[in-house]
Amino acid sequence: MARGPTHLPGVSMAGSFHRVRCGDCENEQVVFGKASSVVSCAVCGTTLATPTGGEAELAGDVVETVEAR
Ligand SMILES: [Zn+2]
């Protein structure tokens, strides 16, 4: 019998990070591609990412995408 923490099959810890430029203040901020909660701009508070259950919906310009591994 399995014991300890449950590992969800098919769910990887890896994901992408996106450098997003805020459309309001041009602050650049790194956002996890699978963010599970709303990510707000650290400078002006504008929503930069909205969780969807999978890849977060990004607002503003994606300057750079970094694949985590
Ligand atoms: Zn901002």
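Visitor: Leaving aside neighbours within four places in sequence, which residues is Gly-33 in contact with?
Guide: This is a predicted model, in which local features need pLDDT of at least 70 and side-chain atom pairs count only at pLDDT 80 or more, while totals for chains, interfaces and linings use all residues. Residues are numbered from 1 along each chain as its sequence is written. Two residues are in contact if their C-beta atoms, placed from the backbone, lie within 7 Å. On that basis, the partners of Gly-33 are Gly-15, Ser-16, Phe-17, His-18, Glu-55 and Ala-56.

Visitor: How far apart in space are Gly-33 and His-18, C-alpha to C-alpha?
Guide: Gly-33 lies in the loop between E2 and E3. In sequence, 15 residues separate Gly-33 and His-18, and the C-alpha to C-alpha distance is 6.3 Å.

Visitor: Is Gly-33 buried, partly exposed or exposed?
Guide: A residue is buried if 20 or more other C-beta atoms lie within 10 Å of its own, exposed if 12 or fewer, and partly exposed in between, with C-beta atoms placed from the backbone. Gly-33 has 19 C-beta neighbours inside 10 Å, so the class is partly exposed.

Visitor: What pattern does the protein follow along the sequence?
Guide: Helices (H or I, at least four residues) and strands (E, at least two) are DSSP runs, numbered from the N terminus. The protein has zero helices and six strands. Read along the sequence, the pattern is β-β-β-β-β-β.

Visitor: Which residue is the bridge partner of Arg-21 in E2?
Guide: Two strands pair if DSSP finds at least two bridges between them. E1 (residues 16-21) and E2 (residues 28-32) run antiparallel and are joined by five bridges. They form a hairpin with six residues between them, and Glu-26 in the turn has a positive phi of about 65°. Val-20 is bridged to Gln-29 in E2, and the partner of Arg-21 is Glu-28.

Visitor: Which residue of E6 is the bridge partner of Arg-19?
Guide: E1 and E6 pair in the antiparallel sense over six bridges. Arg-19 has Val-30 as its bridge partner in E2. In E6, its partner is Glu-64.

Visitor: By what angle are neighbouring strands turned against each other on average in the sheet E2-E1-E6?
Guide: This open sheet of three strands has antiparallel pairing. E2 and E6 (61-67) stand at the edges with a single partner strand each, so one side of each is left without a neighbour in the sheet. Axes are lines fitted to C-alpha atoms, for helices over the stretch in contact, and angles run from 0 to 180 degrees between N-to-C directions. For neighbouring strands here, with direction ignored, the average is 25°.

Visitor: Which residue of E5 is the bridge partner of Thr-50?
Guide: An open sheet of three strands has the order E3-E4-E5, with antiparallel pairing. Its edge strands, E3 (39-40) and E5 (57-58), each pair on one side only. E4 (residues 47-50) is joined to E5 by two bridges. In E5, the partner of Thr-50 is Glu-57.

Visitor: Which residues make up the largest nonpolar core?
Guide: In soluble globular proteins, nonpolar side chains tend to be buried together. A nonpolar core is a set of buried Ala, Val, Leu, Ile, Met, Phe, Trp, Tyr and Cys residues joined through C-beta atoms within 7 Å. Of the 69 residues of the protein, 16% count as buried. The largest core has nine residues: Val-20, Cys-22, Val-31, Ala-35, Val-39, Cys-41, Leu-48, Ala-49 and Ala-56.
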